[in-house]
Protein chains: 2
Amino acid sequence: MKTLFTGAKILTMKDGEGVFDGELLVDGERISYVGRGAPRENIDKTIDCRGNLLMPGFKNAHTHSAMSFARSLADDLALHDWLFERIFPLEGKLRPDDQYHLNKVSILEYLTSGMTACFDMYYNPDEMARAAQEMGFRTVLLGTVTKDRESVEEMKASYRRINGRCPLVSYRLGYHAEYTCTEGILRALSEASHELKCPVFTHISETASEVEGCKRRHGGLSPAEYMESLGLLDYGGGGFHCVHFSDKDIGIFKKHAASAITCPGSNSKLSSGIAPLTKFVDAGLNLGMGTDGPASDNGLDMFYEMRLACVLQKLLRKDPSAFDAWTSLKAATVGSAKAMGLTDCLYLEAGQKADLIMIDLMKPNMQPINNIAKNVVYAGAKDDVKMTMIDGIIRYMDGTFHVGEDIKGIYREAQGITDRLKAA
Amino acid sequence: MKTLFTGAKILTMKDGEGVFDGELLVDGERISYVGRGAPRENIDKTIDCRGNLLMPGFKNAHTHSAMSFARSLADDLALHDWLFERIFPLEGKLRPDDQYHLNKVSILEYLTSGMTACFDMYYNPDEMARAAQEMGFRTVLLGTVTKDRESVEEMKASYRRINGRCPLVSYRLGYHAEYTCTEGILRALSEASHELKCPVFTHISETASEVEGCKRRHGGLSPAEYMESLGLLDYGGGGFHCVHFSDKDIGIFKKHAASAITCPGSNSKLSSGIAPLTKFVDAGLNLGMGTDGPASDNGLDMFYEMRLACVLQKLLRKDPSAFDAWTSLKAATVGSAKAMGLTDCLYLEAGQKADLIMIDLMKPNMQPINNIAKNVVYAGAKDDVKMTMIDGIIRYMDGTFHVGEDIKGIYREAQGITDRLKAA
């Protein structure tokens with residue numbers, strides 16, 4: 001199947017390449033041409049972009065997709081009340097099959113926001129693998145060991161079972177957080193990481209009290225120092241949130257080529273703080289971006305996260321030139337993809353996977369046009385996503401999903417599950 | 001013309017009234033019924049809401065609509081460079097007729113974000129009046145006296161000429177800011193306000209240096225104290241931004257029943273700071289919300305502003321329970337309407353103007369449903385706006401504008417003007 005996009009404005013997301021008028025050819029699941037004029041042989045389908053923008057899809061580098069049951073269930077509460085009194089009791093009642101349906105709602109939402117992949121941290125990875133595979137959504141699953149739930153042995157089994165089974169779905173190793181694991185678990189995880197030569201990811205330095213607690217428990221080591229000391233950064237990997245990262249923590253992540261993944265919406269809504277993103281970028285860290293789950297940051301919208309990331313840094317640094325639009329756009333696309341190991345999904349370039357989106361520039365928030373990349377970050381909204389293509393297949397276009405599912409049926413299932421969880 | 005909405009979920013925005021299933025009847029430009037079952041006589045048109053939400057439209061209580069030419073033109077710059085080197089030189093070249101076309105782009109954008117009115121602060125008010133009237137968009141114009149541009153006499157003439165001419169358009173008195181006016185101008189403005197019995201509005205305490213400068217120039221008085229001392233708050237009115245408001249400033253605004261209008265997107269993007277909104281609310285101030293203009297806060301999107309207002313307060317107060325979703329929703333609807341003098345556009349209630357929107361709840365970011373009001377604020381996006389009705393007329397529905405204009409023609413005009421301004 002060859003799909004030719006004509007009449008496009010193209011933003012490849014490669015450094016130094018601005019927006020240009022051109023064509024893009026998709027052959028099977030990969031891009032085979034990007035430039036001024038594509039070869040015309042054996043084209044199956046031609047899409048006239050009518051001057052709209054093609055760019056790589058956003059990659060949501062941190063989420064908990066199945067938590068859609070908790071959207072707007074417990075907002076505006078103190079963190080402890082939110083987690084222990086509202087979220088955990090319901091989460092404990094989730095069945096694996098529930099997660100399958102709840103994941104689907106989040107996948108639909110990702111598509112509407114121009115996301116072509118997610119890094120999903122949750123239990124029962126097979127349920128997300130199943131939903132992702134059926135709906136054609138690229139997903140990197142992340143094991144989540146804690147002292148109460150998934151074990152390292154289970155994660156190793158998942159790693160071997162899931163990787164390689166479907167080209168859209170892969171599996172990585174992770175731990176929930178330092179404060180929910182024993183040192184024994186983390187040593188076993190480090191061994192697994194070395195055995196499988198696989199990077200490890202975790203929630204890290206999300207709150208000030210987490211960092212204090214870690215130092216108290218581990219001889220003054222910060223969560224990043226502790227992670228390094230256990231060999232958990234030996235294959236790169238990285239951390240989610242990184243709000244309370246010291247310069248030393250940044251240095252450790254840099255040394256191990258680990259990625260920092262920021263979730264500005266969640267961190268601000270839960271008043272965890274503002275991560276020092278400009279320092280990450282200045283230090284040369286790879287920076288990714290995520291929405292976190294719908295329980296804490298209700299709408300999973302990369303436009304919101306990109307814009308918020310910029311303005312929070314400007315507030316933090318008291319400098320309106322801090323963290324410009326391009327830096328945010330890069331984090332939400334290339335940086336996230338690198339963190340997730342999706343090295344085939346970085347740019348619009350021949351040979352890369354056809355994970356791309358079309359942004360409607362004929363919307364009032366995009367007009368008149370002075371700078372398209374800045375428009376996407378500072379004026380963009382889900383409303384502007386005209387098309388989301390994953391692995392060469394259009395999964396969302398002009399407000400319609402193409403995921404082989406009855407959308408209202410997905411909503412009905414999710415509502416039924418949510419009502420049941422709340423009722424008991 | 002009678003339009004009946006059936007099968008709706010209804011959020012009236014009256015305190016203490018939650019969302020209920022019901023019907024709403026629009027008769028001419030007003031709502032004539034809200035409740036469980038509307039009278040069926042002489043209905044011209046019935047719209048089945050299919051379970052979607054009807055609520056009052058958002059009112060954008062601070063904007064500069066004609067500045068769409070500067071969208072994404074000069075971001076990520078220090079404030080002084082932005083204003084003096086990039087914005088002012090182009091603004092100086094604007095012709096009145098340019099503004100007419102540039103305003104139209106912003107009106108389209110308001111409609112997509114579910115805004116049914118704006119409080120527009122700019123020069124040449126007749127140009128915005130003309131665009132608003134032609135496109136059916138409710139607009140409160142705000143005169144903007146400075147020592148270099150509009151005079152108090154011109155504003156008085158505009159006040160008399162514009163008010164009462166078209167039911168959708170009204171005119172109020174304003175000054176750009178303390179630091180761009182002489183005391184003589186402000187005394188004349190105060191006289192005009194007393195003569196016309198009209199409230200006065202201004203940019204106020206947007207930056208720390210503005211407050212310091214005012215104190216230096218005016219015997220230690222803050223901008224709010226100075227405003228009061230000149231009798232400029234004698235008819236209520238209010239201020240935009242109010243970022244660096246002291247407790248005393250809050251007390252002054254409260255005493256005069258003046259409104260504080262917050263623009264969190266602009267204040268953070270320009271790193272001006274975070275206004276102490278929780279203090280305003282605790283003190284009983286009327287709080288409105290605005291986007292500011294597209295030159296400083298590129299996308300004019302009330303969903304972004306509402307969500308941002310909440311999370312910034314949570315960060316500022318280090319308390320995730322601070323400034324809940326309802327407070328934000330109220331500011332963006334009722335609070336803004338009160339500030340703008342639109343007392344007929346507060347609620348969904350018989351007798352009020354039919355300025356209302358339909359929010360599509362069958363979107364993945366709205367599913368499953370736990371709390372609709374929190375969904376609108378924390379998960380909502382322009383994408384969810386299914387319909388925008390102003391004065392009983394549908395101006396936007398399912399992505400299509402009904403404003404009696406060729407939309408691409410509007411974009412073409414705006415682009416031509418923008419290119420001309422930049423070229424010279």
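Visitor: At what angle do helix α11 and helix α12 of chain A pack?

Guide: In this predicted model, helix α11 of chain A covers residues 302–317 and helix α12 of chain A covers residues 325–339. Their axes lie 9 Å apart. The two helices pack at an angle of about 140°.

Visitor: Are α11(A) and α12(A) roughly antiparallel or oblique to each other?

Guide: To count as roughly antiparallel, an angle must be over 145 degrees. The angle here is about 140°. The crossing is also right-handed. By the angle, α11(A) and α12(A) are therefore oblique.

Visitor: Which residues of α12(A) are met by α11(A), and how many nonpolar residues does the contact have?

Guide: From α11(A) come Met302(A), Glu305(A), Met306(A), Ala309(A) and Cys310(A). In α12(A) they meet Ala325(A), Ser328(A), Leu329(A) and Ala332(A). By class, this contact has one charged residue, one polar residue and, in answer to the count asked for, seven nonpolar residues.

Visitor: Is Phe280(A) buried or exposed?

Guide: Phe280(A) is found in helix α10 of chain A, residues 277–283. Setting aside residues up to four places away in sequence, Phe280(A) touches Ile250(A), Ala260(A), Leu285(A) and Leu287(A). A residue needs 20 or more other C-beta atoms within 10 Å to be called buried. Phe280(A) has 24 of them, and so Phe280(A) is buried.

Visitor: How far apart in space are Phe280(A) and Phe253(A)?

Guide: In sequence, Phe280(A) and Phe253(A) are 27 residues apart. In space, from C-alpha to C-alpha, the separation is 9.4 Å.

Visitor: Which element gives the most residues to the side of chain B that touches chain A?

Guide: In the contact between the chains, 56 residues of chain B meet 57 residues of chain A. The elements of chain B that give two or more residues to this side are α2, α9, α11, α13 and α14. By class, the side has 25 nonpolar, 17 polar and 14 charged residues. With six residues, the element that gives the most is α11(B).

Visitor: How are the two copies related?

Guide: Chain B can be laid on chain A by a turn of 180° and a shift of 0.0 Å along the axis, with an RMSD of 0.0 Å. The relation is thus as by a two-fold rotation axis.

Visitor: Which residue of chain B comes closest to the rotation axis?

Guide: The same surface serves both copies, as 100% of the contact residues of chain B recur in chain A. Within chain B, the C-alpha that comes closest to the axis lies at 2.2 Å, and it belongs to Asp383(B).

Technical notes. Residues are numbered from 1 along each chain as its sequence is written. Chains are lettered from A and ligands numbered from 1 in the order in which they are written. This is a predicted model: local features need pLDDT of at least 70, side-chain atom pairs count only at pLDDT 80 or more; totals for chains, interfaces and linings use all residues. Two residues are in contact if their C-beta atoms, placed from the backbone, lie within 7 Å. Helices (H or I, at least four residues) and strands (E, at least two) are DSSP runs, numbered from the N terminus. Ala, Val, Leu, Ile, Met, Phe, Trp, Tyr, Cys and Pro count as nonpolar, Asp, Glu, Lys and Arg as charged, and the others, Gly among them, as polar. A residue is buried if 20 or more other C-beta atoms lie within 10 Å of its own, exposed if 12 or fewer, and partly exposed in between; C-beta atoms are placed from the backbone. Copies are superposed by least squares on the C-alpha atoms of residues with pLDDT of at least 70 in both. Axes are lines fitted to C-alpha atoms, for helices over the stretch in contact, and angles run from 0 to 180 degrees between N-to-C directions. Angles under 35 degrees count as roughly parallel, over 145 as roughly antiparallel, 65 to 115 as roughly perpendicular and the rest as oblique. A crossing is left-handed if the near helix is turned anticlockwise from the far one by less than a right angle, and right-handed if clockwise.
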